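I opened my notebook next to the viewer today and jotted down what I looked up. Here are the entries.

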Amino acid sequence: MAAETENLQEVIKRARFVLFDFDGPICRLFAGHSAETVAKDLVEWLERQGLRGLLTEEERVHPDPMAVLYAVNRRHPHSDLVVELEERLTQQELKAVPSAWPTEFADPLIRTWSAVGTRLAVATNNSPRTAATYLESRGLTGCFAPNIYGRTQDLHHLKPHPHCLNRALNALGAAPQSALMIGDAPSDYEAAERAGVPFLGYARNGYKEKLLRDAGAKNVVGSLEPVLRVLRGQI
């Protein structure tokens, strides 16, 4: 435990720039507006367009709306269909914002990190409009703006591709090794690795932790509280 605490202190104190994934480390976006319902909405919309055959049976019942978007993009990359479907997903994300659950300790952690002069950015596979709307609702816009980078219509740039991390680093004028990525998925870890950015995993349960550690993440916390305590000099 002492070694883990020491590693955590080193990772946090070395970071002059922090890139947050959005859905997970900052909030649970679909806590009150389930992702499964959103995925079903996208599938039903495709069926109304006469495109039921575009998805396999497994894809039609997949609980992750991003899986539906990926599937369509694989078959019709850069098409108007992908553009329309991505916008529909964005609208569903925006609908989810009012019922999103803030991740415990995320708000004070963000405010504290910003107050001590660390520059923050969001690097997410969600729409940047969704992240910006949520942050505004929590009074956190000033901690990040304008550095919110997320999904574009070029879906091949989604994490684990490091595109949104690189955009954030370039905008901040940050060397990768002076930054820290906080994410809750193997795709966040891989994107950080490819961008050369140190990584801190956030795992709200044992399953998430196993996925991160199996992917290669060395530093993983089950709560943001110890991160906040390090910042406040309490550890």
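**Entry: Glu93**

I started with Glu93, which sits in helix H5. The model is a predicted one, so everything I note here is computed from it. Is Glu93 buried or exposed? I looked it up: Glu93 is buried, because its relative accessible area is 1%, and the cut-off for buried is under 20%.

Next I listed what Glu93 touches. Leaving out residues up to four places away in sequence, I got Leu29, Phe30, Asn126, Ser127, Thr130 and Arg151. Two of these names came back when I checked side chains. Thr130 makes a polar contact of 2.8 Å with Glu93, side chain to side chain. Arg151 forms a salt bridge with Glu93, at 2.9 Å from N to O.

How many salt bridges does the structure hold? I noted 16. One of them joins the side chains of Arg138 and Asp107, at 2.9 Å from N to O. Arg138 is in the loop between H7 and helix H8 (141-144) and Asp107 is in helix H6, so the pair connects parts that are 31 residues apart in sequence. Here the two partners fall into separate classes: Arg138 is partly exposed at 33%, whereas Asp107 counts as buried at 10%. I also wrote down a network of salt bridges that links Asp21, Lys159 and Asp188.

**Entry: aromatic pairs**

Then I went looking for rings. The structure holds 4 aromatic pairs. Phe22 and Tyr134 make an edge-to-face pair, with 5.6 Å from centre to centre and 65° between the planes. This pair links distant parts of the chain: Phe22 is in the loop between strand E1 (17-20) and strand E2 (27-28), Tyr134 is in helix H7 (residues 128-137), and they are 112 residues apart. Phe22 is buried, with a relative accessible area of 0%, and Tyr134 counts as buried at 1%.

Tyr189 belongs to helix H10 (residues 186-195) and Phe199 to strand E7 (residues 199-202), so the pair ties together parts that are 10 residues apart in sequence. Both came up buried: Tyr189 has a relative accessible area of 12%, and Phe199 has 8%. Ring pairs also link Phe20, Trp113 and Phe144 into a cluster.

**Entry: the sheet**

What order do the strands follow in the sheet? I traced 6 strands in an open sheet, E5-E4-E1-E6-E7-E8, and the pairing is parallel. Strand E5 (148-149) and strand E8 (220-221) stand at the edges with a single partner strand each, so one side of each has no neighbour in the sheet. A reminder to myself: strands of a sheet pair through backbone hydrogen bonds, either parallel or antiparallel.

Strand E4 (residues 119-123) pairs with E5 in the parallel sense over 2 bridges, and Ala123 stands opposite Tyr149 in E5. Helix H6 (residues 106-115) packs on the sheet, where it touches E1, E4 and strand E6 (179-183). The direction of H6 makes about 155° with that of E1.

**Entry: helix H4**

Last, I checked helix H4 (residues 65-75), which is mostly covered, with 8 of its 11 residues buried. The buried ones are Pro65, Met66, Ala67, Val68, Leu69, Ala71, Val72 and Asn73. What do the buried residues of H4 pack against? I found helix H2 (35-48), helix H3 (57-60) and helix H5 (80-96).

Definitions and conventions
Residues numbered from 1 in each chain as written. Predicted model: local features only at pLDDT ≥ 70, side-chain atom pairs only at ≥ 80, totals over all residues. Heavy atoms only, no water. Phe/Tyr/Trp six-rings, centres within 6.5 Å; stacked < 30°, edge-to-face > 60°. Helix = DSSP H or I, 4+ residues; strand = E, 2+ residues; numbered from the N terminus. Buried < 20%, exposed > 50% of the residue type's maximum accessible area, 1.4 Å probe, protein only. Contact = heavy atoms within 4.5 Å. Pairing = 2+ DSSP bridges. Axes fitted to C-alpha atoms, helices over the stretch in contact; angles between N-to-C directions. Polar contact = N/O pair within 3.5 Å; in protein donor to acceptor, adjacent residues only side chain to side chain. Salt bridge = Lys/Arg side-chain N within 4 Å of Asp/Glu carboxyl O.
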